Amino acid sequence: MAEGRKKLVQSTKTLYKLSVSAIADRLLTYRKHLVYLPENVLFDLYYQLYQERRLCLLGMELGDLETFSRMLNVTNRRVHLLQSFQALMDHGTMVGKELAISYDICCIRVEENLAAHDKVINVGLRLGEFLSDAGWYTESERVLLACKKLSILDEPTPENLCRTLKCCCKLLHAQAAYYTFRGAAETHQLAMNTIQQLRCGGHTNNNYAALYGEFIAFMIRFAILCFRWGIEALKQLKPSLPPRVIIDVLRQVAKSCVVKREFQKAGLLIRQAVYLAKEIFDTDHPKYSDVLIDYGFYLLNYDCIVNSVSVYKAALDIRKAIFGKANLHVALAHEDLAYALYVREYNSGKFQEASDHAGKAIDIMEKLFAGVHIMLASAKRVKALILEEIALDNAPMPLSEQTLLQKSECLHLSALQLSKTTFGEINVQTAKHYGNLGRLYQSMRKFEEAEAMHLKSISIKEKLLGPEDYEVGLSVGHLASLYNFHMNRYRDAEKLYYRSIAISLKLFGKSYSGLEYDYRGLLHVYTKLDERDKVLEYTDIFNHWKELRDKYAQSEDQPIDLQKRPQPIEEVISAFFSM
């Protein structure tokens, strides 16, 4: 009897919830009266429709621009709105496109009514930001382009110019995230011109931290430029800014530091971003997952591979819980995790998990992109790397190996062509694709083609990054391997291994995992040259490296201290500039 009463209490709904359910059941009857409901009550009503999977009716409601703008005001339910929105997109309601078209029409209608501009622009800023957060960048860009067009029609007063900069900030975010670089370049130029107008008018106290943070995202391909904007963004960072802005600036500057190989600075900033995002948004929020993705990027580049995998897995779990299975954010998290798993399992040969995640990323992207897209090329590159290793591990099955290597070549060539089209020939991403092809042709025993690809990769990287960058060292090591194991050019290989080792020691220290391949390579070189003293010397060096590597693995802390709170932002900035 007691058990029965307990079940009854658990199943009892509050009067409020019963009322929401009753209205939801008769929504069409009461629809004309919904406008009088408070926004939080109306949100509960629509969320009830989502939970009951009455998605056609929900799509009809949320496809209305005025209704959706009211729901954007319920900021404490943003995760639920993202879940509902994604469910509608999965259902095929095209609610994102409907809202973007409706906003376009709204902007055209009020072009001559200057008094209405402010309200309409504010709606566009909030809608565009939401669509970006939801991973629907094309729709976001359309809304924010209309928003920007309306904004620049107004008189260039300081208030209106600052509003134009807000449009530029959110538009640049959507364009850079979706690799729409031509449009992003135009938006960046408008932002720079607008800042200049304000400064010429004597308005020098505006805060551009958020905008400079988006400049970093746009210029992340150019290490020196994005790092410079990172410095400027940090100088503008103030405790009074919204927490979201502070978090985004910290993580963007951290990424610029990783690209510049300033790992101490990157670690300081990204950890603070993690702790601040956890404190402000909690651990089930998309902003926390965004920060974790950037933290995983830092850890992977800083040779904390095991921790990077665990962080990427946590980020993927959050995104899947919010966005389901067919969202761009989820696809990108699958790709990042696939690459981290590929790096972690490089020596073990256990690539199935990495292959599964790469495949899921590709499947999602192929459904989302109408045509070929550079993000799809990136996912295919990761898949190609994995297939190449699987093929080599299946050496006793020559037909299978040949088929996998040919499939890998097709993926690499496709990715290279897309990279050249998107970024141009002289670009680090393009150079990486040349290097990947070099390694593949080495596996396919096409040694002359492999050498040409490696040399091209090194040339581009040196031109962009200088002779001592990590990326250069990586490519130099790959060319050394080709000369050593396949072309019998042992002296050439020796010089290249020394160069690769010097770069690794300078950037990462004596326990760096990548030194293993260079040390093993030199042992092979000196064995072939019958230089026994050198074999003994590098055997000792290699054994010492293994000891250091074991100590490093034992000393590696958990990536996230759940008890730790963020430092005051002034202290973080001070620590950064004192490094």
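Modeller: What follows is an account of the contact between domain 1 and domain 3, and then of a ring pair.

The model is predicted: local features need pLDDT of at least 70 and side-chain atom pairs pLDDT 80 or more, whereas totals for chains, interfaces and linings use all residues. Residues are numbered from 1 along each chain as its sequence is written, and side-chain values use heavy atoms, without hydrogens and water.

An automatic or database assignment divides the protein chain into domain 1 (207-304 + 568-578), domain 2 (325-419) and domain 3 (424-556). The C-alpha centres of domain 1 and domain 3 are 31 Å apart. Eight residues of domain 1 and 13 residues of domain 3 make the contact (heavy atoms within 4.5 Å). About 830 Å² is buried between these domains, 51% of it from carbon and sulfur atoms; buried area is the accessible area (1.4 Å probe) lost on putting two parts together, summed over both.

One salt bridge is counted between domain 1 and domain 3 (a side-chain nitrogen of Lys or Arg within 4 Å of a carboxyl oxygen of Asp or Glu). Asp 303 forms a salt bridge with Arg 549, with the closest N and O atoms 2.8 Å apart.

As for aromatic rings, the structure holds 28 pairs (ring centres of Phe, Tyr or the six-membered ring of Trp within 6.5 Å; planes under 30 degrees apart are stacked, over 60 edge-to-face, the rest tilted). Phe 263 and Tyr 302 have ring centres 5.1 Å apart and planes at 35°, so this pair is tilted.
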